[in-house]
Amino acid sequence: MHTIDLLTLAGVVGFVLLALCLHRDGRIPRAATILIGLGGAATMFTSQGPIPALVLGASVTLFLGQSWLTTVRSGSNPIRSEPATRDQPYVREVDEFRR
């Protein structure tokens with residue numbers, strides 16, 4: 001087995017694990033995770049191939065999955081817009097830690 005083939009296989013495993021972790025998160029639709037996993041794995045396999053239609057199809061599949069993921073996640077902002085107050089539990093823990 002050549003080094004390039006081994007790296008391609010590692011990339012495929014990485015995309016499949018990414019899809020599994022996104023699915024287990026529960027906030028991403030199953031179809032989007034499937035598109036990301038299959039599109040990423042197919043992109044890794046077809047990137048060395050001579051058939052442009054397969055490369056284009058795999059890339060479009062990955063693009064659709066990642067676009068769907070971005071659309072779903074853009075509605076939730078993890079950064080708080082309101083200032084922290086002393087009565088919030090995580091602020092009390094930080095204050096106690098600093099003492």
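**Exercise 1. The fold**

What pattern does the protein chain follow, read along the sequence?

*Solution.* Start with the source of the coordinates. This is a predicted model, in which local features need pLDDT of at least 70 and side-chain atom pairs count only at pLDDT 80 or more, while totals for chains, interfaces and linings use all residues. Residues are numbered from 1 along each chain as its sequence is written, and side-chain values use heavy atoms, with hydrogens and water left out.

Now count the elements. The protein chain has 4 helices and 0 strands. Helices (H or I, at least four residues) and strands (E, at least two) are DSSP runs, numbered from the N terminus. Read in order, the pattern is α-α-α-α.

**Exercise 2. The chain as a whole**

*Solution.* Take burial first. Buried means under 20% relative accessible area, exposed over 50%, and partly exposed in between (1.4 Å probe, protein chains only).

Last, the contacts (heavy atoms within 4.5 Å). Consider those between residues at least 6 apart in sequence: 55% join residues at least 24 apart.

**Exercise 3. Helix 1 against helix 2**

Find the angle at which helix 1 and helix 2 pack, and classify it.

*Solution.* Helix 1 covers residues 3-25. Its axis lies 8 Å from that of helix 2, at an angle of about 175°. Therefore helix 1 is roughly antiparallel to helix 2. Axes are lines fitted to C-alpha atoms, for helices over the stretch in contact, and angles run from 0 to 180 degrees between N-to-C directions. Angles under 35 degrees count as roughly parallel, over 145 as roughly antiparallel, 65 to 115 as roughly perpendicular and the rest as oblique.

Now list the partners. In helix 1 they include T8, F15, L18 and L22. In helix 2 they include I36, G40, M44 and F45.

Zoom in on T8, in helix 1. T8 is buried, at 11% relative accessible area. Not counting residues up to four places away in sequence, T8 touches M44, F45 and Q48.

**Exercise 4. Helix 2 against helix 3**

How do helix 2 and helix 3 cross?

*Solution.* Helix 2 spans residues 30-46, and helix 3 spans residues 52-73. Their axes come within 7 Å and cross at roughly 150°. So helix 2 is roughly antiparallel to helix 3. Among the residues that make the contact are A32, L35, I36 and G39 of helix 2, with L62, G65, Q66 and W68 of helix 3.

**Exercise 5. Residues between the helices**

Decide for I36, A32, G65 and Q66 whether each is buried or partly exposed.

*Solution.* Begin with I36, in helix 2. I36 is buried, at 1% relative accessibility. Apart from residues up to four places away, I36 touches F15, L18, L22, L62, G65, Q66 and L69. I36 and A19 are 17 residues apart in sequence, yet 6.2 Å apart in space, C-alpha to C-alpha.

A32 is also found in helix 2. A32 is buried, at 0%. Leaving aside neighbours within four places in sequence, A32 is in contact with G65 and W68.

Move to G65, in helix 3. G65 is buried, at 0% relative accessibility. Beyond residues up to four places away, G65 touches A32, L35 and I36.

Finish with Q66, in helix 3. Q66 is partly exposed, at 36%. Q66 and A32 are 34 residues apart in sequence and 7.5 Å apart in space, C-alpha to C-alpha.

**Exercise 6. A charged pair**

How many salt bridges does a search of the whole structure find?

*Solution.* Recall the test. A salt bridge is a side-chain nitrogen of Lys or Arg within 4 Å of a carboxyl oxygen of Asp or Glu. The search finds 1. R27 pairs with D25, the closest N and O atoms being 3.1 Å apart. Side chains of opposite charge can pair when their charged atoms come close.

Check accessibility. R27 is exposed, at 52%. D25 is partly exposed, at 36%.
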